[in-house]
Amino acid sequence: MVFAPQLRVPGPTPLPDRVIRAASQPLINHRGPEFSEMFGTVNRLLSEMLFTSGHILLIPGSGTYGLEAAVANLMSPGDTGLFCTNGYFGERWVSIAQAYGVNVIHLDIPWGEVVTADDISTALAHHPEITTVFVTHNETSTGITNPLEDIARVVTEHDRILAVDSVSGAGALPVHVDELGIDVLVTASQKGWMAPPGLAMLAVSERALAASKKSKSPKWTFDFERFISSGAKGMTPTTPPLSVYYALAEGLAMMAEEGIEHVWGRHNKVATMIRTGVLSMGLKLFAPEGFRSNAVTAVRSPAPDADALSLLLTDLREKYGLILAGGQGEQIGKIFRIGHLGYIDEQDVYGILGALECALFDHGYLSRIGFAVPAAQTTSQAWVFGQELVTADR
Ligand SMILES: Cc1ncc(COP(=O)(O)O)c(C=O)c1O
């Protein structure tokens, strides 16, 4: 029996003790001054870490609620949107848009490949009717980080509205919302923010707000304007998930103490160690080099079929106390995924790699063990903090 397994799926993540303690505080009046103060702090820290002076909206629910809010506010039935997808979550955005009667132009890139700025530029040039571009920053289902800077540049050049699903990216990976001209960015509390699930967090530009005022899609709880007018009074339109707010405020405070650039650098270091360790075992990564996510690593399964992979992941959990995620959609049974976002540092990597290597050995997928941890350690020792900012996403 394992009593304290390591949760290493790509969100929810383990939480620091400070955050857990914060979440268990007594509740307060959500219409009183203590809430307003906490709300103000959360808004300010999110603005700082997303590099935006636009509106911050906190929508109760998970990341998907934020994706739906973006569609409901930016689009009217019959409007045309370009949906750039290369995985499970991009496709989810397409389904949401279809449910709202949006005319979807689908830039359908195969899973495991990258959405490029050139593809988007071509689509925009051919379809002047497109008002809005929807793109996934960090595609959690495949471990690919799409080139957001290049994508944002072409969308700006073509003067279209840009909505970005950075549910599992922001916080862990660099995103400069205003500089990139992102109109709606969606992230979620349980991903890179060291907080539990319960809040979709959106950065919304003035242009997106103007689009929302014109949009004819039915909406009430998701209406951007309602959040903004309550927010101006230090409140939320409906009862906020207070315990998640407490936790998020504490997670953000810890990130602010560390410094957001250092947080991004830590993710880069940890991800590089994981990738080095996994490759040293002879396993193959699913994402192409140069676009491998610093928040989640997708590994091609060495198992002959889905059942064998499932047995491997079960043993990993039960014998070695490590919980990893399987594949999603068309990649079920073909890949597994290691989440390394939020509350994670170098020491955790050794446990992850050691456990993975042992389970792979038990199942006959490795003939020898003992490579991964030293390989990761070498990477760590060679790491110069700060160098990663040169190679990171900006
Ligand atoms: C990139 C991405 N988009 C959207 C979602 C959906 O978020 P949620 O499960 O919080 O609704 C996820 C969740 O993993 C995600 O990783």
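This is a predicted model: local features need pLDDT of at least 70, side-chain atom pairs count only at pLDDT 80 or more; totals for chains, interfaces and linings use all residues.

User: Why is leucine 366 called buried?

Analyst: The cut-off is 20 or more other C-beta atoms within 10 Å. Leucine 366 has 20, so it is buried.

User: Where is leucine 366, and what does it touch?

Analyst: Leucine 366 sits in the loop that joins helix H13 (346-362) to helix H14 (372-382). Beyond its neighbours within four places in sequence, its contacts are Met281, Glu357, Leu360 and Phe361. Phenylalanine 385 is 19 residues from leucine 366 in sequence, with 33 Å between their C-alpha atoms.

User: How do you know whether the chain agrees with a compact globule?

Analyst: The rule is 2.2 Å times the number of residues to the power 0.38. For 394 residues that gives a radius of gyration near 21 Å; the chain has 21 Å, so the two agree. Along the principal axes, the C-alpha atoms fill a box of roughly 60 × 55 × 40 Å. Buried residues make up 48% of the chain. Of the contacts with a separation of 6 or more, 73% link residues 24 or more positions apart.

User: What makes a set of residues a nonpolar core, and how many residues has the largest one?

Analyst: Its members must be buried, of the listed nonpolar types, and joined through C-beta atoms within 7 Å. The largest such core has 117 residues, with Val71, Leu185 and Leu202 having the most contacts inside it. Domain 1 (6-11 + 259-391) and domain 2 (17-257) each give this core at least three residues. Valine 71 touches Ile96, Ala97, Tyr100 and Val102, leaving out residues up to four places away in sequence.

User: How many residues of domain 1 and domain 2 are in contact?

Analyst: A contact needs C-beta atoms within 7 Å. By that test, 25 residues of domain 1 are in contact with 23 of domain 2. On the domain 1 side, helix H11 (260-280) and strand E11 (296-300) each give two or more residues. H11 supplies the largest share, four residues. That side has 13 nonpolar, nine polar and three charged residues.

Terms used. Residues are numbered from 1 along each chain as its sequence is written. A residue is buried if 20 or more other C-beta atoms lie within 10 Å of its own, exposed if 12 or fewer, and partly exposed in between; C-beta atoms are placed from the backbone. Two residues are in contact if their C-beta atoms, placed from the backbone, lie within 7 Å. Domain bounds come from an automatic or database domain assignment. Ala, Val, Leu, Ile, Met, Phe, Trp, Tyr, Cys and Pro count as nonpolar, Asp, Glu, Lys and Arg as charged, and the others, Gly among them, as polar.
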